[in-house]
Amino acid sequence: AGSGKSVLVKLLCNLYTPTTGNIDWICNDKNSPPLITYIPQKPTIIEGSVLDNIAFGSRSISHKACVTAARNAGLLSSYITCTGFSLNTHLPFGGASISLSTMQRIFLARAFAARSSSILILDYFYSEIETSEFVASLLNLRDLYKTVFVVTPSQEVVNISEQLIEL
């Protein structure tokens, strides 16, 4: 903790500006940086339905794509649907009416839904999702993005990584 991992990913996403130096992306299109999907350590639930929250930040995503993303993130499991939770469930700002685990699955679904980006950055937002389940999702996400950055304390996640940057 405290080694600057979250700051580094925020710099990569251009959410912070470096005080010295530059961050340069080498891209096919020299005039614009790559599209990045970023799921921060503490993402926010917006007021609206679960579907609205999955689509948040994605341009022109279809209903079908949101449902598929929800399924891939485990939001349609029998446990969750038995509790009366559905994709049309209205959520208050901040998500006080749902568990942290369900909230984290919504953010995971956002990552599955935002397929127009070439880079995915996940900043350890998944503490309440079983590690083995997250690893399985991560393997599927790797097929959707050219590059996936994951900030993690999990050795299981590190084990499936192609490259490791240790901070």
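Reader: Is Phe134 buried or exposed?
Author: In this predicted model, Phe134 has a relative accessibility of 0%, so this residue counts as buried.

Reader: Which ring does Phe134 pair with, and in what geometry?
Author: Phe134 pairs with Phe125: the ring centres lie 6.2 Å apart and the planes stand at 85°, so the pair is edge-to-face. Phe125 also counts as buried, because its relative accessibility is 1%.

Reader: How many aromatic pairs are there in total?
Author: The count comes to four aromatic pairs. One of them joins Tyr124 and Tyr126, whose ring centres are 5.0 Å apart with planes at 90°, so this pair is edge-to-face. Tyr126 is buried, at 4% relative accessible area, whereas Tyr124, at 28%, counts as partly exposed.

Reader: Which residues do the ring pairs link into a cluster?
Author: The cluster consists of Tyr124, Phe125, Tyr126 and Phe134.

Reader: Let us turn to α6. Which of its residues are buried?
Author: The buried residues of α6 are Phe134, Val135, Ser137, Leu138 and Leu141. Viewed down the helix axis, they fall within an arc of 165°, so they line one face of α6. As a general point, an α-helix has 3.6 residues a turn, so residues three or four places apart point the same way.

Reader: What span should α6 have, and what does the model give?
Author: Helix α6 holds twelve residues, 131–142, and at 1.5 Å a residue should span 16 Å. The C-alpha atoms at its ends are 16 Å apart, which agrees.

Reader: Another topic, then: where is Gly74 found?
Author: Gly74 sits in the loop between α3 and α4 (78–82). Its relative accessibility is 15%, so Gly74 counts as buried. The C-alpha atoms of Gly74 and Ala109 are separated by 8.3 Å, although these residues are 35 apart along the chain.

Reader: And the protein as a whole: how many helices and strands?
Author: The protein has seven helices and five strands. Their order from the N terminus is α-β-β-α-α-α-β-α-β-α-β-α.

Reader: What radius of gyration does the protein have?
Author: The value is 16 Å; a compact globule of 167 residues would have one near 15 Å, so the two agree. Of the 167 residues, 38% count as buried. Among contacts with a separation of 6 or more, 68% come from residues 24 or more positions apart.

Technical notes
Residues numbered from 1 in each chain as written. Predicted model: local features only at pLDDT ≥ 70, side-chain atom pairs only at ≥ 80, totals over all residues. Heavy atoms only, no water. Helix = DSSP H or I, 4+ residues; strand = E, 2+ residues; numbered from the N terminus. Expected span 1.5 Å × (residues − 1). Buried < 20%, exposed > 50% of the residue type's maximum accessible area, 1.4 Å probe, protein only. Arc of directions from axis to C-beta. Rg over C-alpha atoms; globule rule 2.2 N^0.38 Å. Contact = heavy atoms within 4.5 Å. Phe/Tyr/Trp six-rings, centres within 6.5 Å; stacked < 30°, edge-to-face > 60°.
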